[in-house]
Amino acid sequence: MEMGAGAYNHRTAEDVFRDFKGRRAAMIKALTTDVAEFNQQCDPEKENLCLYGLPNEQWEVNLPAEEVPPELPEPALGINFARDGMQEKDWLSLVAVHSDAWLLSVAFYFGARFGFDRNDRKHLFSMINELPTIYEVVSGIAKKQVKDKSSATNHSSNKSKQNSKVRGSESQAKYSKVTQPPKDEEEGLEEEDEEEHGETLCGACSETYAADEFWICCDICEKWFHGKCVKITPARAEHIKQYKCPSCSNKRARP
């Protein structure tokens with residue numbers, strides 16, 4: 001069985017990711033566009049069969065490797081035995097889930113084999129995680145996610161135009177304050193605001209952003225600060241044309 005052994009020279013996270021994408025594309029092809037042929041090859045009368053994705057985007061249904069231990073992690077055995085005992089959609093989804101697990105195991109096998117450190121592994125997973133899983137593609141979830149993301153992006157773009165650098169309803173001021181939305185919209189807006197700015201840290205106290213707090217942005221360093229940390233009130237902020245945080249003010253004051 002040809003598994004692309006001559007191509008196992010993945011020295012970087014990008015190399016492994018290219019291998020991952022090739023195998024992933026092959027398995028998606030087997031479970032979608034080539035599903036009739038895949039179904040035919042998974043004869044329950046045959047021995048334990050596996051679905052393999054190759055780096056060149058070709059797939060094959062074959063017996064598991066004979067060598068012990070195998071050169072690569074092995075995919076799920078016996079996918080053919082479940083073919084006639086399940087609805088086709090459920091069977092394909094099951095194969096897809098096992099295929100996702102196999103792809104990850106192969107990718108991180110290469111990572112271990114070539115001594116990837118923590119940053120390499122994190123970078124590899126980050127690239128992999130940007131792609132929909134095989135299960136998401138086969139089940140149709142990926143299309144729904146793309147549609148939802150597109151809708152959310154349009155909403156976010158419109159919101160950004162109205163609220164560029166300001167967290168609040170005042171687009172002309174460089175500060176943030178709590179608005180009072182209608183009760184039936186309040187919860188949704190608070191969750192959206194928390195999600196958008198939840199990772200922002202105050203430049204003075206390093207605490208995270210909260211929707212019920214007043215914040216102000218420095219026009220020099222563009223860091224955000226709690227109003228209470230820099231002793232700026234919402235009323236005072238309305239009269240500030242260009243706000244400079246204490247750190248930037250001190251830098252400008254130095255000879």
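Helix H3 has 26 residues, which at 1.5 Å a residue should span 38 Å, and its end C-alpha atoms lie 37 Å apart, in agreement with that expectation; the expected span is taken as 1.5 Å times one less than the number of residues in the helix. The model is predicted, and local features therefore need a pLDDT of at least 70 and side-chain atom pairs a pLDDT of 80 or more, whereas totals for chains, interfaces and linings use all residues. Residues are numbered from 1 along each chain as its sequence is written, and side-chain values use heavy atoms, with hydrogens and water left out. Helices (H or I, at least four residues) and strands (E, at least two) are DSSP runs numbered from the N terminus.

Helix H3 comprises residues 88-113 and contains Val97. At a relative accessibility of 42%, Val97 counts as partly exposed, where buried means under 20% relative accessible area, exposed over 50%, and partly exposed in between (1.4 Å probe, protein chains only). Together with Tyr135 and Ile141, Val97 forms a nonpolar surface patch with about 220 Å² of accessible area. Patches are made of residues with over 30% relative accessible area and no salt bridge, like charges being joined within 9 Å and nonpolar side chains (Val, Leu, Ile, Met, Phe, Trp, Tyr) within 5 Å; accessible areas come from the Shrake-Rupley method with a 1.4 Å probe, and for residues only the protein chains shown count as cover. Just after H3, Gly115 adopts a positive phi of about 70 degrees.

Strand E1 (residues 50-53) and strand E2 (residues 59-62) run antiparallel and are joined by four bridges, two strands being paired if DSSP finds at least two bridges between them. Within this pairing, Leu51 has Val61 of E2 as its bridge partner, and Tyr52 stands opposite Glu60.

Four salt bridges are counted, a salt bridge being a side-chain nitrogen of Lys or Arg within 4 Å of a carboxyl oxygen of Asp or Glu. Side chains of opposite charge can pair when their charged atoms come close. In helix H1, Arg18 and Asp15 lie three residues apart, about one turn of the helix, and their salt bridge has its closest N and O atoms 2.3 Å apart. Arg18 is exposed, with a relative accessible area of 51%, whereas Asp15 is buried at 19%.

A further salt bridge joins the side chains of Asp19 and Arg23 at 2.6 Å, N to O. Asp19 lies in helix H1, which covers residues 13-31, and because Asp19 and Arg23 are four residues apart in H1, about one helical turn separates them. Asp19 is buried at 5% relative accessibility, and Arg23 is likewise buried, at 1%.

The side chains of Lys228 and Glu213 also meet in a salt bridge, at 3.9 Å from N to O. This pair links distant parts of the chain, 15 residues apart, with Lys228 in helix H8 (residues 227-230) and Glu213 in the loop between helix H7 (183-197) and strand E4 (215-217). Lys228 is exposed at 65% relative accessibility, whereas Glu213 is partly exposed at 22%.
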